[in-house]
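Here's a quick tour of a protein model, written for someone who likes the cut-offs spelled out. Have a look at the structure first.

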Amino acid sequence: MSKALAALKLVIDPELRAPITELGMVEITSETDVTASVIVKLTIAGCPAAQKIERDVREVLSESFSSYELTMSVMTQAERDELKVKLRGDAPLRFNPFAQDDNFTQVIFVGSGKGGVGKSTLTTNISVALAELGHKVGLIDADIFGYSIPGQLGISENPTQLDDLILPPIAFGVKVMSIGFFVTDNQPVGWRGPMLHRAIEQFLTNVYWGDLDYLLVDLPPGTGDVAISLGQLLKKARSLVITTPQSAAATVAERSGAIGLQTGQEILGVIENLSYLPSDSGNQYIFGQGGGQAVADRLSTLSGQTVELLAQLPISSELREASDQGVPLVVSHTEHEISIQIVELAKQIASIPIGLGGKSLGLKPR
Ligand code: ADP
């Protein structure tokens with residue numbers, strides 16, 4: 001292999017996670033032992049990864065050659081078409097990879113009855129924890145009206161679009177897609193049923209997810225159109241239900257879990273958030289007690305299987321601040337009690353084989 005190619009093979013496209021030499025991005029126009037002339041073609045003009053790719057290319061070329069010439073350029077339409085075929089094969093448009101029998105991605109819906117119970121915060125932290133455990137993870141922020149995941153993961157740039165194929169930004173090892181990427185100036189999303197369904201469908205069919213071990217989906221609170229559309233599109237999904245200990249919250253959380261059961265999802269378990277405020281004089285139960293267990297018991301009855309209360313997470317200003325700052329707690333404070341609980345939770349979730357969602361996890365809620 002040419003020396004330039006061997007060097008450039010080490011440069012990985014951050015969005016496509018493959019060597020640029022395998023993506024048709026490299027042309028070597030001349031090469032001797034000491035010099036090389038190279039053209040690197042970005043997928044699109046203004047590609048957000050452009051600077052990083054150029055930096056990495058310069059680094060490997062300067063290590064291998066005493067002088068080099070680099071031209072940064074952009075793929076032609078024909079080259080882009082070729083790349084799309086490479087990425088997606090010749091799958092037809094509107095092909096949903098997760099609905100195929102030979103797809104082994106474990107899809108996990110995260111739902112709640114009410115908003116503001118910490119569903120997005122936990123989905124984000126669990127996703128990042130799964131990625132840190134070495135899994136390939138995707139995250140869909142389907143909380144159409146309350147999307148907050150791009151902010152929680154500190155993603156400020158929009159996804160690159162290769163015509164109709166969208167490349168999801170990657171943060172902390174997680175590929176992310178959110179309606180927030182397609183909304184300008186924080187305009188409210190006033191979409192109704194069919195349009196919502198189409199948008200959600202596109203998150204599955206037009207996004208280059210690659211091979212994933214897990215796809216987590218942050219559902220909107222309640223039992224609306226989006227949850228039902230997703231239940232139809234992702235029939236093999238299993239669900240996690242998030243609630244607070246408050247009995248009013250628990251009653252609505254049960255309903256969201258029950259909708260999941262109606263669309264055929266197994267329930268992986270219940271997580272109670274905002275369970276207590278730790279203090280020197282003992283835990284304070286600001287939102288009452290027992291909601292998580294009540295939801296788990298009720299869903300056990302409805303599903304005919306044991307649904308466990310997987311964890312009870314305290315109120316924590318560090319958890320909130322980490323999300324506000326765009327770096328999830330499991331990354332910013334790895335030793336924090338909640339981070340340890342979330343990593344444990346991620347391990348437990350990863351260890352539940354499909355078909356055993358109702359079986360005991362042997363995890364003791366604290
Ligand atoms: P949801 O997705 O259920 O609407 P969010 O995840 O957006 O809820 O959380 C709502 C707010 O509560 C956010 O500001 C978040 O940082 C905060 N929050 C979530 N869980 C906790 C917790 N255990 N302790 C303190 N704040 C929390």
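This is a predicted model: local features need pLDDT of at least 70, side-chain atom pairs count only at pLDDT 80 or more; totals for chains, interfaces and linings use all residues.

## Ground rules

Residues are numbered from 1 along each chain as its sequence is written, and side-chain values use heavy atoms, with hydrogens and water left out.

## Two domains

The protein splits into domain 1 (3–88) and domain 2 (97–351), with bounds taken from an automatic or database domain assignment. Over C-alpha atoms, the centres of domain 1 and domain 2 are 36 Å apart.

## Where they meet

On the domain 1 side, 14 residues are in contact with 16 residues of domain 2 (contact means heavy atoms within 4.5 Å). About 1,300 Å² is buried between domain 1 and domain 2, with carbon and sulfur atoms giving 59% of that; buried area here is the accessible area (1.4 Å probe) that two parts lose on being put together, summed over both. Glu 15, Arg 17 and Arg 88 supply 42% of what domain 1 buries against domain 2, more than any other three residues.

As for charge pairing, the rule finds 2 salt bridges across the interface of domain 1 and domain 2 (a side-chain nitrogen of Lys or Arg within 4 Å of a carboxyl oxygen of Asp or Glu). Lys 84 and Asp 163 also form a salt bridge through their side chains, at 3.1 Å from N to O. By class, the side of domain 1 that touches domain 2 has 6 nonpolar, 2 polar and 6 charged residues (Ala, Val, Leu, Ile, Met, Phe, Trp, Tyr, Cys and Pro are nonpolar; Asp, Glu, Lys and Arg are charged; the others, Gly among them, are polar).

The largest cavity holds about 120 Å³, and among its 16 lining residues Leu 219, Ser 239, Ser 256, Gly 260 and Gln 265 lie nearest its centre.

The largest pocket (an open set with protein on both sides within 12 Å along at least five of seven lines) has a volume of about 360 Å³.

Technical notes:
On a 1 Å grid over the protein atoms alone, a cavity is a set of points where a 1.4 Å probe fits but cannot get out, and a pocket is an open set with protein on both sides within 12 Å along at least five of seven lines; lining residues have an atom within 4 Å of a point. Grid points are joined across faces, edges and corners, and a volume is the space filled by probe spheres set on the points.
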